[in-house]
There are 6 protein chains.
Amino acid sequence: MKLNKNIETILGCEKEYADADIVVFGAPFDSTASYRPGTRFASRTIRAESYNMETYSPYLELDLEENSLVFDAGELELSLGNTQKTLETIYDFTKNLINDEKLPFMIGGEHLVTLGAVRAAAEKYPNLHIIHFDAHADLRDEFLGTKFSHATVLHRCHDILGDGRIFQFGIRSGERAEIEWGREHVRTRMFDFSGLEKIIKTLADVPIYFTVDLDVLDPSVFPGTGTPEAGGVTFNDLRLAMNAVSAMNIVGTDMVELSPPCDLSGMSNTVALKLLREFLLALSANEK
Amino acid sequence: MKLNKNIETILGCEKEYADADIVVFGAPFDSTASYRPGTRFASRTIRAESYNMETYSPYLELDLEENSLVFDAGELELSLGNTQKTLETIYDFTKNLINDEKLPFMIGGEHLVTLGAVRAAAEKYPNLHIIHFDAHADLRDEFLGTKFSHATVLHRCHDILGDGRIFQFGIRSGERAEIEWGREHVRTRMFDFSGLEKIIKTLADVPIYFTVDLDVLDPSVFPGTGTPEAGGVTFNDLRLAMNAVSAMNIVGTDMVELSPPCDLSGMSNTVALKLLREFLLALSANEK
Amino acid sequence: MKLNKNIETILGCEKEYADADIVVFGAPFDSTASYRPGTRFASRTIRAESYNMETYSPYLELDLEENSLVFDAGELELSLGNTQKTLETIYDFTKNLINDEKLPFMIGGEHLVTLGAVRAAAEKYPNLHIIHFDAHADLRDEFLGTKFSHATVLHRCHDILGDGRIFQFGIRSGERAEIEWGREHVRTRMFDFSGLEKIIKTLADVPIYFTVDLDVLDPSVFPGTGTPEAGGVTFNDLRLAMNAVSAMNIVGTDMVELSPPCDLSGMSNTVALKLLREFLLALSANEK
Amino acid sequence: MKLNKNIETILGCEKEYADADIVVFGAPFDSTASYRPGTRFASRTIRAESYNMETYSPYLELDLEENSLVFDAGELELSLGNTQKTLETIYDFTKNLINDEKLPFMIGGEHLVTLGAVRAAAEKYPNLHIIHFDAHADLRDEFLGTKFSHATVLHRCHDILGDGRIFQFGIRSGERAEIEWGREHVRTRMFDFSGLEKIIKTLADVPIYFTVDLDVLDPSVFPGTGTPEAGGVTFNDLRLAMNAVSAMNIVGTDMVELSPPCDLSGMSNTVALKLLREFLLALSANEK
Amino acid sequence: MKLNKNIETILGCEKEYADADIVVFGAPFDSTASYRPGTRFASRTIRAESYNMETYSPYLELDLEENSLVFDAGELELSLGNTQKTLETIYDFTKNLINDEKLPFMIGGEHLVTLGAVRAAAEKYPNLHIIHFDAHADLRDEFLGTKFSHATVLHRCHDILGDGRIFQFGIRSGERAEIEWGREHVRTRMFDFSGLEKIIKTLADVPIYFTVDLDVLDPSVFPGTGTPEAGGVTFNDLRLAMNAVSAMNIVGTDMVELSPPCDLSGMSNTVALKLLREFLLALSANEK
Amino acid sequence: MKLNKNIETILGCEKEYADADIVVFGAPFDSTASYRPGTRFASRTIRAESYNMETYSPYLELDLEENSLVFDAGELELSLGNTQKTLETIYDFTKNLINDEKLPFMIGGEHLVTLGAVRAAAEKYPNLHIIHFDAHADLRDEFLGTKFSHATVLHRCHDILGDGRIFQFGIRSGERAEIEWGREHVRTRMFDFSGLEKIIKTLADVPIYFTVDLDVLDPSVFPGTGTPEAGGVTFNDLRLAMNAVSAMNIVGTDMVELSPPCDLSGMSNTVALKLLREFLLALSANEK
C-alpha cells in the first residue's frame, strides 16, 4: 500500500496554498479571558466537526468544493500567557498572507487575537476601517490592570485607526465609561444590525477588516461562549448581516469567542461552522 | 397486601390494547447514525419523563385521560448493528397494528426506522403519501457505503412510493446532488411550513404516513439531537403544523431523532413529550 | 497590612443596610420540588456570577453603583425538609424588612418561598394584590399529599387574599381542574403578557406583591429550571414586562425557580442576573 | 395481537408478589438533603439501568433468575417537602411487607427514609439492632433547625432502640459533638470494616436492620452521591462486607444516597446495581 | 510562504508509512453497542488529545520520537449500521498491512472490530492465538438477534481458531451460559491477570493477536466506556500486564471500547493514550 | 434590624487578620495553562463548597474552629494574560504577609503562581528549600515560547535557589530533556513519596516552601485538573505525606491546579477542601 499522513482540514477548505484566495487559520489563545476560558479549543473543534456538515449551502445554492478556493493552514502555535508574543505571531502570519495576496480568515480564540491581524492589515491598508459585530463594546482602555485584553481590543484598534473608522453592531453590554467613550470615537449601533446596509454603501470602496464576535448571537442560539449576553440576534439575522458585509472590500476577517467547553450539546460548534461555510461561500462569490 | 408488577407508560397512554385506537411504541435503534448516536434512548426517556407533565393541554383544552384512547406497547427489541433484521421487526409489528385497526405511532430512534413502518403502511394502502418534516432531505441514494441509513431513508421510501408522493417541509440541509434529485422526484419546501395548508387540502382523502424528524426545530429549542442544524422552526411553528396535519387521513406516524444524551438540560425531552401530547390529542379529536 | 474579611455581594448591591431602600436576599429552599431539584443553589450562584457582569444597563442607561441603593443580606438559613419552619423564617425576615421600610426582594429557591413573603406583606398591606408571571398556574389545592408545594403556592396565596386579587401572565401548563378553578378565582392570561398594561393602570395605587417564576421564559432562553415548559416568552418580552410592572406600587417581590445545575452552560444564570439588574434599576428609578 | 402494558422491574426482580420472599421498592425522597439533592432519582434510575446488566454473578456463581425470589414494587409516592407524611408512608408500606412475611429492601432516596422502615421493623422486632455502613455518622440531634434530617437519622433510630444497638462502620465524617455523643451511645468503627466479623458472630441470632449508605465507598468508585467523602472503601471491600452481613438475621434492609445526577458518567448507577444484585443473591442463598 | 496541509497524528506516530514497523489506525464503529454508544469517537479523540502528552515514558525511559517507528494511518471509513461491510473493510486494510510486513495496531470502536483484524491475521498465521483482556467474556453465540455483536466477538473468533487458542484475563461479567461455554472452549482467568506470566512463557513462539478491551480497568480509573463494570484492575496492573505481553510474538493488536462522551472529565482519554504510548514503546523495544 | 454585609470564608478560616497565624488566599490565574484552563475558579469554588464540610477532622481529632487561627483574605485581583504583573501582585501580597509574620497559604490557580510566592519567601529566607509534590516535573526551561509557564515554574524557582534545594515527589511525567536536567539540579523521587521521611529529618531546621500540585493524586481520585496523569497516589497517601511535611519549618505553602470545570461531579473540589482542612489543622498543631 501507499499511505499518506493523516490530513485534517476545516469543511471544504481543501485547496493547496498556492491555489487559494482565502486562508483560514486558528488562533488558539484565551489567556486574557476574564470569565470562563475555553476559546482556545474553537478552531480545532470546528475542524473536527467538519466531517459532519455538508459543503453545500441551500441558502446560496453554492458548494465549497466547487465554488471556493480556501486553504486551511491549521493552528498557529501561540504563547499562552505571553500576550505580546502571541500578538506578534499573529501579526507576522497575517502579514505574510497579505503579502501573498491571500485573504486572512482567522478563527479565535478570544477577541484580543483580532489586534494582531488588524496591525498587519492596517500596515498594508492605511485607510483600513473595521466592521465589528459583538455583544460587548470591548472599548475599555484598561482591564484587570492590563491594556491588552479581550475587553480592550477595539480601543487598541482605535489607537491604530483613530476616530470614525470603527463601526459596531449588536452591542448590548459595556460599562458606562466605555459606552460614553465610544459615542465620541466610534459608531455604535446598539442591540441589532439596523443601519448596516447604509454603512455598507458608504464604505463601498474602503478596505475593511471584519471581525465577528459570535456572542453577538443570542445565548439560546449560541450558549458556547465565555460571556453569554441575553437579548442577542438570531442565526438568520447574523447570517444575513454577514452575507451583506461579504460584498464589501474585505482585506481581513475573523470569527472569535466560540468556547466549545461551555456548550456540551455541541450545537454552538455547528452554528459557528455553518456561519463559516456561508461566509466563505459569500466571500468566494464576491471574489469573482 | 396485593401488589402488581410495576407498570410504566408514556404520559396518558394508559388504555388497554383492545380499547385503544392509537398504539405508541419505541423503536430504539441508532446504528446508522453517522455523527452522535443516542436516539436509542429517546422512547424510554420520554416514558421516564412522563410522570412530570400534565395530561391536560391548555392549547386544545383537552386531556389525554379523558379525550384519548392510547396504548403504550413499550419498546421493540431491535438488533443493533443488524439493520435489515431491525427493519423487519418494525415492519412486522406495524403490520400487526394496522391489521388490528390501530394507528401506529412510533417513537424513534434514528430516522431509518421510518422505513420499516412505511413498508407496512404502503402494503396496506397502495396510494400512501408521506408528509415529512425535517431539517435534512434524507434523500441520498447511498451513504457511507450503505443504501440503508438515516441519510437515505426518504430515498428508500421513494423506491416504494415513486414520484410525487413525498412532501417535505422545513428542509435546510443536504448535499447538492440529493437536493437536485429531490427537485425531480419529491416536493420539497425549504426552511419552513409554507404551503402546508394547501397540500393538506389537496391530499384530503389520501392515506398519509406522517414522519416528524424533530431536528426540524431550531437547535435553540431542541439541542437534544445528533445533527443540530441552525435556522429551524420554533416550537409553536411545529406544534401548529402538526396540529394541521392531524386533520388528514393519517394511517401511520412517527417522531424521530430525539437524542437525550445530547442535551443534558433535559429540555429537549420535555419538548418532544409535549409535542407528543399535543399531537395525540389532536389525532384523537379528529378520530371522533 | 490591614485586611477585612471577604465580602461577597450580588452585582451592585453594595450599600449598607441602613442606607438601602431595597434588600435582596436568598431563600435557598427546594424541598417540595417535584421533579428536578436544584433551585437552592440559585441565589448563591447569582452572587458568584456577579463579578462577571457590568453594573451598567445599556437599556436604561443607568448604573447600579450610581442609581440604586440596594443591600445584599446574603442567604437565609432554611430548614430543608421542614416546610413550615422554612416559611416562618421567610415570613419573619420579610416582616422585619417591611418594618424597616425596605423593599424585600427575595431570590428563590422554589416557588413555595413566595408564600412566606406574601404572608408578611399581606399582614402589613391588607389590600395586597399579586402580579404573577409563570409558565405554571400553581393553583392546585394539594399536590403529592401536601397542601404546601410549589404547585399549590398561588392557591395558598389565594387563601389569604381571596378572589380577584391575583393576576397571572404567561401561564401555559396546569391540570384541567386547577385551570378551571383559576377561571373563577383569579385572572389568568394564558401564554403571554397581553393585557398587562391595562391591569397596571387599573391597579395603579394598590400595594402589589410581584412574583416572577423565571420558567415563564422559553426553555431555549432559560433551560436552567426544574420543569422547563416549551412555548414561553423571550428575554425581551420578560424584561419589558418587568420594567412595566416596576412602575406599580410594589411592596415585595421575588424571582424564583432558577436551578443552576439544570443548565451546565451557565447562560440561565446570566439571564437571571441580567433581569435582576434591569429590574433593580427600574425599581430604583421609580423609587425617586 | 395481544399486548400487555409495559412492565419495568429492577434487574431480575421479576417474581409475583405472592411468590417473593424479598420485596424491593423505591423511596424517592430527598427533601432534607443539605447539599446536592438528586437521590430521588436513584431507584428509578437503577430500574432503567437494569436492562444492561447480567442477572448472573461471577462472584457467587448464582443467577437472580434461578436463585432468588424477588418482587419489585416500584416507587412509593412520597410527599416531597412533607417529611412526617413521607415517613408514615414508608412505615405503613414496610409494616405491610413485614406482616406479609416479606423482607423489605428499600432503595433510597436520602438516608432519612431509613427511619420509616426502622420504625416498622422495631415494632415487630423489639430487640432490633442496626448495622450501619456510611461515611457520615448521621448522629446529630438537630440539623438546620430540624430533628428529622439525613444528618440526624441514626440519632432518631437511637431514640427508638437505645444504647448499644447501633453498629457503624466506615465512618469518616462528623462534627466533634456527634462523634463524641456516638462514643457513648453507639459502636462506631471509623474508616473501614475492621471488627465486622466479630460483631456478626456476636449478634448471630438478633434481628438486624441493615442500612447501607453508599457514600461509604470512596468517591473515585462512587462519585454519584450528594456529599462525597474522600478516603472511603473500595467496591470489593463493600461487596465482601455486605456479603458477610447477609448471613445475619436480617429483617429489613436498605441502600441509600445514590444520586444519579451527580455522576454523569453513569458508573455510580452500575456500582449500586451490581451491589444490589450481589446482595440479593447473597440474601437469597442464606434464606434457603 | 510555503504552507502544507494540516497533518494530525497520534502522539509520536509521525514516521512515513514506508519506514514504519507499526501502523496505528482508527476503526470508528459502534453500531452493535447495546448500551451507551460513543466508541466511534475514540480514535479521533486520542489523536486530538495527543498534543498534550509527552512522547517520553518515565517508566521505560524511552521516547516515541527516538525509539519507535510508527505511522498513523488515520481513520478507516466504515459503514455504520452495515456490520458485514465494516468487518470486510477492516479485514482488507489489516491484510494489506500484514502483507506490507507492518504490525497492525487498531484503535476501536467497539469490540466487534477485532473480528475483522483477527480474520486477516488468522489467514496469514494459521496457528494464531489470542490474548484477551476484558471485563466481559464476549462469548455469547447470539445477542439481540444477531451473531455479530460486541457481546459475541470472541465466540466468532473461536469459530475461526477453535478450542484452546483464546486466553482471557480480567473477566468479571457474563451470563451463566457463556461463562459455562467458555470453561470448555477457552481459558479464562477471572478478575485479574494471575497466570499471565506462565502463559506468556508457554506461548513464547506462537503468533499472537492481542486485544485489549479497556473496560478491564476499574471504572474509577476509566469511566469513559459504554458498560463500566465495578471491580476491575488498576492502571498500573494493566500497564504492567501489557508490557509483559509486548514480549510475545505479536502479529496484530488492538485497544477498544474507549467511549469519550461517557467521561466528560476527559481522564479516560488520557489513560487510553498513555497506555498506547507505553505499549508502543514496549513493542518497539522488543522489535529490535 | 441590624444586618452586616455578606461574608464568605473558606471552611473554618474565620479569624480576624490580626489574630491569625495562617492566611489563606486565592490566586485565580491560569493564563499559561497549555491544555484545559479552569484553575482560576479553584479558590472561589473551595470557598463556596465550604458550607458543606465539617470543621472537625476525625483523622486528627481536631477542629478548625477551636484548633486553628486562620484568616481568609479572599481573592487576589490578578491580570489575566499579563503574567509578569500577576507574579508581582502575588509577590507583593506574600511579602506583606511574611512581614506581618503570617504563614502564607496560597490556593491556585495554575502552578506558575508558586513563583511569585517563592520570590517573596526566598528574599526573606535566603536558605529556602522547596518540597514539591506533583505529577509533572515542571522543570522545562521554556515552553510554547515563554520562560514563564506552569511547565517551567520549578526551573524558575531553581534560578533563584540553585542546585540541591528542590525536592520533588510523585513525578510521573516530563520530557526526556527536563527529566535529565532534573537529575543534575534537583532531587526527584519518581511516582511516590518514598524517602520523604528521611528528607524531612535532614531538612529539619531549614525554611521550607511547600508546594502541592494536586494532580499528584491519581485521576480516579482527582479528575478535576487540567492535565490528569494516570498512575498517581491515593488520597490517604497524600494526606499522610502532607501531614508529615507539616512538621517541617514551613514559611510558605500552596495548593494548586484544582480545575473545578474539569470535574462535573464535584468530588475533586471536596478532595481539595478536605486536604486543605487536614493540612491547616496539622500546621496549626505544629505551630503550638
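This is a predicted model: local features need pLDDT of at least 70, side-chain atom pairs count only at pLDDT 80 or more; totals for chains, interfaces and linings use all residues.
How many salt bridges does the rule find across the interface of chain E and chain B?

**View 1. The interface of chain E and chain B.** Across this interface the rule finds 0 salt bridges. In terms of contact, 23 residues of chain E meet 23 residues of chain B. Together the two chains bury about 1600 Å², and carbon and sulfur atoms account for 51% of that area. The size of an interface is often expressed as the accessible area lost when the parts come together.

**View 2. The interface of chain A and chain F.** Here 23 residues of chain A are in contact with 23 residues of chain F. About 1600 Å² is buried between chain A and chain F, with 51% of it contributed by carbon and sulfur atoms. On the chain A side, the residues that lose the most area to chain F are A:R40, A:L80 and A:L144, which together give 29% of what that side buries. Between chain A and chain F, 0 salt bridges are counted, whereas 13 residue pairs (both at pLDDT 80 or more) are in polar contact.

**View 3. Helix 5 of chain E and its surroundings.** Helix 5 of chain E spans residues 153–161, and because 7 of its 9 residues are buried, this helix is largely enclosed by the rest of the structure. The buried residues are E:V153, E:L154, E:H155, E:R156, E:C157, E:H158 and E:L161. These buried residues pack against four elements of chain E: helix 4 (113–124), strand 6 (129–133), strand 7 (166–171) and helix 6 (176–185). After helix 5 of chain E comes E:G162, which has a positive phi, near 85°.

View 4. The residues A:L264, B:L264, C:L264, D:L264, E:L264 and F:L264 form a nonpolar patch on the surface. Their accessible area together is about 490 Å². In chain B, B:L264 lies in the loop that runs between strand 10 (249–256) and helix 9 (267–287). The relative accessible area of B:L264 is 42%, so this residue is classed as partly exposed, a class that falls between the limits of 20% and 50%.

Key: Residues are numbered from 1 along each chain as its sequence is written. Chains are lettered from A and ligands numbered from 1 in the order in which they are written. Side-chain values use heavy atoms; hydrogens and water are left out. Patches are made of residues with over 30% relative accessible area and no salt bridge: like charges are joined within 9 Å, nonpolar side chains (Val, Leu, Ile, Met, Phe, Trp, Tyr) within 5 Å. Accessible areas come from the Shrake-Rupley method with a 1.4 Å probe; for residues, only the protein chains shown count as cover. A salt bridge is a side-chain nitrogen of Lys or Arg within 4 Å of a carboxyl oxygen of Asp or Glu. Helices (H or I, at least four residues) and strands (E, at least two) are DSSP runs, numbered from the N terminus. Buried means under 20% relative accessible area, exposed over 50%, partly exposed in between (1.4 Å probe, protein chains only). Contact means heavy atoms within 4.5 Å. Buried area is the accessible area (1.4 Å probe) that two parts lose on being put together, summed over both. A polar contact is a pair of N or O atoms within 3.5 Å; within protein, one must be able to donate a hydrogen and the other to accept it, and residues adjacent in sequence count only if both atoms are side-chain atoms.
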